[in-house]
Amino acid sequence: MLDQAERPASIERYSMFIDGQEVQDASGRTIESLNPYSGKPWALVPDGSEADVDRAVRAARHAFDKGPWGQMTATQRGALLRKLGDIIARDAEELATIESRDNGKLYREMLGQWKYIPEWFYYYAGMADKLQGDTIPSDRPNFFIYTRREPIGVVGAITPWNSPMLLLTFKLAPGLAAGCTFVVKPSEHTPVSTLELAKRIQEAGFPAGVFNVVTGMGKIGAALVSHPDVDKIAFTGATETGKVIAAAAAKNLTRVSLELGGKSPNIVFDDADLDVAANGAIAGIFGATGQTCMAGSRLLVQESVHDRLLERIVERTKQIRLGDPMHEDTEMGPVSNEPQLRKVLEYIDVARADGATCAYGGGLDPTLGGYFVQPTIFSNVTNDMRIAREEVFGPILSVIKFKDEDDAVEIANDTRFGLAAAVWTQNVHRAHRVAHRLRAGTVWVNAYRVVSFAAPFGGFKESGLGRENGMDSIREFTETKSVYVEL
Ligand code: NAD
């Protein structure tokens, strides 16, 4: 593992990746990628243009329609995916170092993600040649009818800064297995790991044009969404951006899948193991500095155990070690970027102004400063306060009391989001009963923030459209065709 002190003295300069070539934007303009720990730029990437998007889409279209990719068998595609998984596993430490430097998340967490990412490629590699159609028993005796599942075509993938590669993998592994080609627009805050992936995709032997990366600001994403030759947009990011994308995509009826924000309830009943629940609540909100879509930002606690649980959580939160994301003993890193820092601090003020009680934290860390916000706990929060209704995407926990099961479910579901939820109880009947009543795409019982490549992930309500991971996800990258053959 690299220490911050070993950070390269010079700034790394990266190129975009279009049609198997490393390219700079013709204008020569660049974007600086900042290391949130040092607050200094460490990499430069091209500030791409609409012309670059067009070039990349044409390359992806050519690769899809006319290149060797379209001629490959599904089994051959699967073999390429497996090889890519092996290369990523080989380079996991290097890639985790780069991503931790780019987004300020703990090296430990990033390494865990990079070691797990190959499993997605292996899982969907095995699925590539099992995407079979049906024979249709029909009302037409003179016709033999069957269906084919065909790749949807050129996919535009637009990703956020919090877990850039894991969230791209959710799209890329099933999409490539299905036979699609990609143009990726990574976040302007964390573009580097996607460019590093491009090198490895080339090394694995994917034909030119199958995977293209255009770096730049949101307007590059917008150009991708409105490009008439893009067949599907797979987006992860904020709900407000998702709505803009859905509206723009509707003009060409471009298919969309959207993985958006959350305000997830973490519900602790009085029969829960409070020690375990306290740890789950802390990991659910302060893990990744609260910068996960599935953060357990609303802690709903049954009245009878509220004070005891709150006390335990505050005591443990005091012990959280903030510091260099590269060091093994650091437990919480900085907020990832300047706009996010401003947003988190603003919400702390909003919570106070709305009458919530700051039980711990409540500002910049006094010793580290920079992008370091204290892990912060607000109690006496009611579900109508802005701190309970809006996504902060930072280390701010809102603690809300409830009376009984009905009350808990009502508060939990009283949100425009529906990404995730958790239930802490030792009563097996209650666990399932409440899990069924919660309007969320994922529910954990006595656990938090567990994700598997094999289980569908996505949002109810304004948390998204469609599902990633699992068997169904690969279908989101295909179209069904019916073929009628006269007998
Ligand atoms: P964001 O929406 O600001 O940006 C995401 C991406 O969209 C970036 O690449 C950005 O450049 C691009 N973009 C911005 N405007 C665009 C436009 N008009 N058209 C097309 N692309 C555009 O989100 P962010 O701040 O990078 O990420 C944080 C958000 O992502 C949070 O709301 C979080 O909940 C959400 N998120 C969701 C999931 C999930 O799986 N549901 C996972 C991680 C993060």
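Helices (H or I, at least four residues) and strands (E, at least two) are DSSP runs, numbered from the N terminus. The loop between strand 19 and strand 20 is described in these terms, and Lys461 is found there.

The structure is a predicted model, in which local features need pLDDT of at least 70, side-chain atom pairs count only at pLDDT 80 or more, and totals for chains, interfaces and linings use all residues. Residues are numbered from 1 along each chain as its sequence is written.

## Overall organisation

UniProt, in an unreviewed entry, lists residues 26–483 as "domain: Aldehyde dehydrogenase". UniProt positions are given in the numbering used here, feature names are shortened, and annotations may be inferred rather than shown by experiment. Over residues 26–483, the chain is 42% helix and 19% strand, with the end C-alpha atoms 46 Å apart.

A separate division of the chain gives domain 1 (12–260 + 463–482) and domain 2 (265–445); such bounds come from an automatic or database domain assignment. The C-alpha centres of these two domains lie 31 Å apart. Between them, 17 residues of domain 1 are in contact with 20 residues of domain 2, where contact means that the C-beta atoms of two residues, placed from the backbone, lie within 7 Å. On the domain 1 side, helix 4 (92–103) and helix 5 (107–128) are the elements that give two or more residues. Helix 5 gives the most, with three residues. This side divides into six nonpolar, seven polar and four charged residues. In this scheme Ala, Val, Leu, Ile, Met, Phe, Trp, Tyr, Cys and Pro count as nonpolar, Asp, Glu, Lys and Arg as charged, and the others, Gly among them, as polar.

## The interior

A residue is buried if 20 or more other C-beta atoms lie within 10 Å of its own, exposed if 12 or fewer, and partly exposed in between; the C-beta atoms are placed from the backbone. A nonpolar core is a set of buried Ala, Val, Leu, Ile, Met, Phe, Trp, Tyr and Cys residues joined through C-beta atoms within 7 Å. The largest such core has 79 residues, and those with the most contacts inside it are Ala60, Leu81, Tyr124, Ala177, Phe182, Val183 and Ile233. A second, separate core of 59 residues includes Val335, Phe372, Ile396 and Ala412. Apart from residues up to four places away in sequence, Leu81 touches Phe121, Tyr124, Ala125, Ala128, Ala173, Leu176 and Ala177.

## Around the ligand

Which residues come nearest to the ligand? Of the 30 residues around the ligand, these are Pro160, Gly218, Gly221, Gly237 and Cys293; a residue is near a molecule if its C-beta atom, placed from the backbone, lies within 6 Å of it. Helix 8 (218–226) and helix 9 (239–250) are the elements that give two or more residues to this shell, and helix 8 has the largest share, four residues. The shell comprises 14 nonpolar, 12 polar and four charged residues. At least three of its residues come from each of domain 1 and domain 2.

Helix 8 also has buried residues, namely Ile220, Gly221, Ala223, Leu224 and Val225. These pack against helix 1 (50–65), strand 8 (154–158), strand 9 (181–185), strand 11 (232–236) and helix 9.

## Selected residues

The unreviewed UniProt entry lists Glu259 under "active site". Glu259 is found in strand 12 (residues 255–259). Leaving aside neighbours within four places in sequence, Glu259 is in contact with Phe235, Thr236, Cys293, Gly458, Gly459, Gly464 and Glu468.

Ile87 is placed in helix 3 (residues 74–90). Beyond four places in sequence, Ile87 is in contact with Arg200, Glu203 and Ala204. The C-alpha atoms of Ile87 and Leu44, 43 residues apart along the chain, are separated by 25 Å.

Most residues other than glycine have a negative phi. Arg449, however, has a positive phi of about 60°, and the phi of Lys461 is near 50°. Arg449 lies in the loop between strand 19 (442–445) and strand 20 (464–465).

| Residue | C-beta neighbours within 10 Å | Class |
|---|---|---|
| Glu259 | 27 C-beta neighbours | buried |
| Ile87 | 17 C-beta neighbours | partly exposed |
| Arg449 | 19 C-beta neighbours | partly exposed |

Why does Glu259 count as buried? Glu259 belongs to this class because it has 27 C-beta neighbours inside 10 Å.
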